[in-house]
Amino acid sequence: MQKVNVMAKLAILCVLLIAMMMALSFVRYLVNERQSYQNNVVEQIEQNQIGSQAMMSPFIMVPYKPYVACDNMKETTTSTPQTSSVINCSQDEYRITPMQQNDWNADFEVKNDQYQRGIYRATNFITHITGKGQFNTPASNPNNPSELTAAKMILPIKDLRGLSQKIMMTINGQKYAFSTSKAYPELGLELDLGNIPLQSVNQFEIDIQLEGLKQFNFFGDENTQSFNAQGNWQNVKYLGSSLPKTNNSDTQHFNAKWSNFASYTLLSNTDVNQCLKNAHCTLLDDNNNGLAMEFLDPKNIYQQTDRAIKYGWFITLITFACFFLFEVVKSLRIHPIQYLLVGVAQAVFFMLLLSVSEQLNYMLAYWIASVACISLISWYLIYVLKRWQDATIFALLLSSLYGVMYVLLQSSGMTLIFGSVLAFMMVAVAMFVTRNIDWYALNENVKPKNKSDDEETLTSPQYGESDE
């Protein structure tokens with residue numbers, strides 16, 4: 001039996017595992033670099049064509065001019081220079097009236113093949129939004145009786161490039177069209193209410209066709225009753241301060257419902273007035289409030305490849321451990337260079353997976369890369385292990401490992417339990433295979449005793465005895 005210096009070999013294997021972790025880190029860096037290219041493409045599309053979308057429940061805005069003390073303006077008399085009086089000035093302010101009992105429905109058509117730059121693409125959506133409810137005519141202000149003639153219905157929309165047609169609102173049975181706000185461009189669209197015959201309570205319906213990229217936000221007000229959304233997409237992530245009361249998703253479809261959602265409303269006199277006074281209006285920029293839906297790309301190969309790399313070190317560890325057990329149990333001599341070459345082949349698997357998946361379906365790319373890697377390693381092990389039967393065993397082992405890794409990638413919710421069971425099974429197999437090995441004998445290069453050795457000792461002549 002050829003002897004193995006166990007401690008020295010284990011030390012060498014530890015160094016090789018560290019080297020393989022560094023190699024996998026390089027591949028992971030490559031994945032992050034390619035994903036940054038993908039993000040840059042999305043940013044270019046947002047700048048040049050369309051961006052993420054957000055909208056708010058419409059509201060009525062009435063301008064008025066309150067009289068306040070003017071800052072840094074004083075009138076001084078000539079007789080008593082120390083005496084001054086404050087001049088009253090008027091400034092533009094706005095009062096808002098939210099909609100009452102408004103309900104919303106949105107039907108999304110999501111796809112990822114419309115906006116593409118080379119091999120990179122962005123997920124976009126077209127949504128048909130309908131809303132209905134009622135609103136009250138704002139009360140008149142005796143100090144400024146003409147203010148209601150300047151009242152406007154405001155419909156805040158984040159990116160007006162996403163509108164493919166005019167937005168129509170039906171008020172008390174008559175249709176009126178929104179237009180881009182010239183007086184308040186920071187707020188999106190407006191509808192002049194000065195020439196519309198309003199009642200004390202007015203019924204409204206609205207129809208919106210809106211296109212966006214990747215994410216949609218809706219900001220309601222304190223009177224919003226419900227928001228229902230459905231579409232042809234399965235991978236939807238719900239964000240914001242209001243999560244859906246119910247949501248269901250299956251193959252290529254989702255359905256979510258919000259009812260009486262209580263969220264921090266951005267709709268207030270202070271917010272609107274502050275928005276109009278700033279150069280950049282942030283009324284629709286707070287993604288942490290309201291409700292939000294992010295449409296995830298199920299073919300995000302970079303996230304899946306990054307997850308696969310996290311299992312790469314575990315597969316390399318198992319492979320090296322199996323090599324070591326073969327070396328001990330079958331009295332083989334496997335050189336560290338041979339360990340290293342097999343480890344490098346497994347690292348190259350992830351580079352193949354990344355490059356092929358950018359061109360083909362991820363599942364197909366995974367099986368192409370795994371078959372290529374397993375075939376190469378199996379062919380090489382015929383010469384390392386000296387027997388094709390042992391190489392076949394290793395091929396089956398590697399096939400099982402790559403199969404299990406694929407299952408883990410596809411079942412993110414069960415990753416921990418599957419990984420734990422796999423680790424337990426591998427430890428159990430290692431303990432079973434090595435249960436009869438005398439590790440001290442291997443490390444001290446001493447041939448372990450067996451039954452034939454004991455019998456030979458008993459029948460041999462004792463010290464000092466003659467051979468007669």
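## Salt bridges

A search of the whole structure, which is a predicted model, finds five salt bridges. One of them joins glutamate 358 to arginine 34, with the closest N and O atoms 2.8 Å apart. Because glutamate 358 sits in the loop between α4 and α5 while arginine 34 belongs to helix α1 (residues 6-48), this pair ties together parts that are 324 residues apart in sequence. Glutamate 358 counts as buried at 12% relative accessibility, whereas arginine 34, at 23%, counts as partly exposed.

A salt bridge also forms between the side chains of glutamate 190 and lysine 152, at 3.7 Å from N to O. This pair links distant parts of the chain, since glutamate 190 lies in strand β12 (residues 189-192) and lysine 152 in strand β8 (residues 152-155), 38 residues apart. Glutamate 190 is buried at 11% relative accessibility, and lysine 152 is buried with a relative accessible area of 13%. The side chains of aspartate 159 and arginine 161 meet in a further salt bridge, at 2.8 Å from N to O; here aspartate 159 is buried at 11% relative accessibility, while arginine 161 is partly exposed at 40%.

## Aromatic pairs

The search of the whole structure finds 21 aromatic pairs. In the pair of phenylalanine 216 and phenylalanine 227, the ring centres are 6.3 Å apart and the planes meet at 25 degrees, so the pair is stacked. Phenylalanine 216 lies in strand β14 (residues 215-219) and phenylalanine 227 in strand β15 (residues 224-231), so the pair ties together parts that are eleven residues apart in sequence. Phenylalanine 216 is buried at 0% relative accessibility, and phenylalanine 227 is likewise buried at 0%.

Tyrosine 238 and tryptophan 258 form an edge-to-face pair, 5.9 Å from centre to centre and with 70 degrees between the planes. Tyrosine 238 is in strand β16 (residues 236-240) and tryptophan 258 in strand β18 (residues 253-259), so this pair ties together parts that are 20 residues apart in sequence. Tyrosine 238 is buried with a relative accessible area of 18%, and tryptophan 258 is buried with one of 1%. One aromatic cluster includes Phe216, Phe227, Tyr238 and Trp258, together with others, among them Trp104 and Phe295.

## Helix α5

Helix α5 (residues 362-384) has 23 residues and spans 32 Å from its first C-alpha to its last, close to the 33 Å expected at 1.5 Å a residue. Its buried residues include Tyr362, Tyr366, Cys373, Ile377 and Leu381, and the buried residues of α5 pack against α3 (301-329), α4 (336-357) and α6 (388-410). Just after α5, lysine 386 adopts a positive phi of about 70 degrees.

How values were computed. Residues numbered from 1 in each chain as written. Predicted model: local features only at pLDDT ≥ 70, side-chain atom pairs only at ≥ 80, totals over all residues. Heavy atoms only, no water. Phe/Tyr/Trp six-rings, centres within 6.5 Å; stacked < 30°, edge-to-face > 60°. Helix = DSSP H or I, 4+ residues; strand = E, 2+ residues; numbered from the N terminus. Buried < 20%, exposed > 50% of the residue type's maximum accessible area, 1.4 Å probe, protein only. Expected span 1.5 Å × (residues − 1). Contact = heavy atoms within 4.5 Å. Salt bridge = Lys/Arg side-chain N within 4 Å of Asp/Glu carboxyl O.
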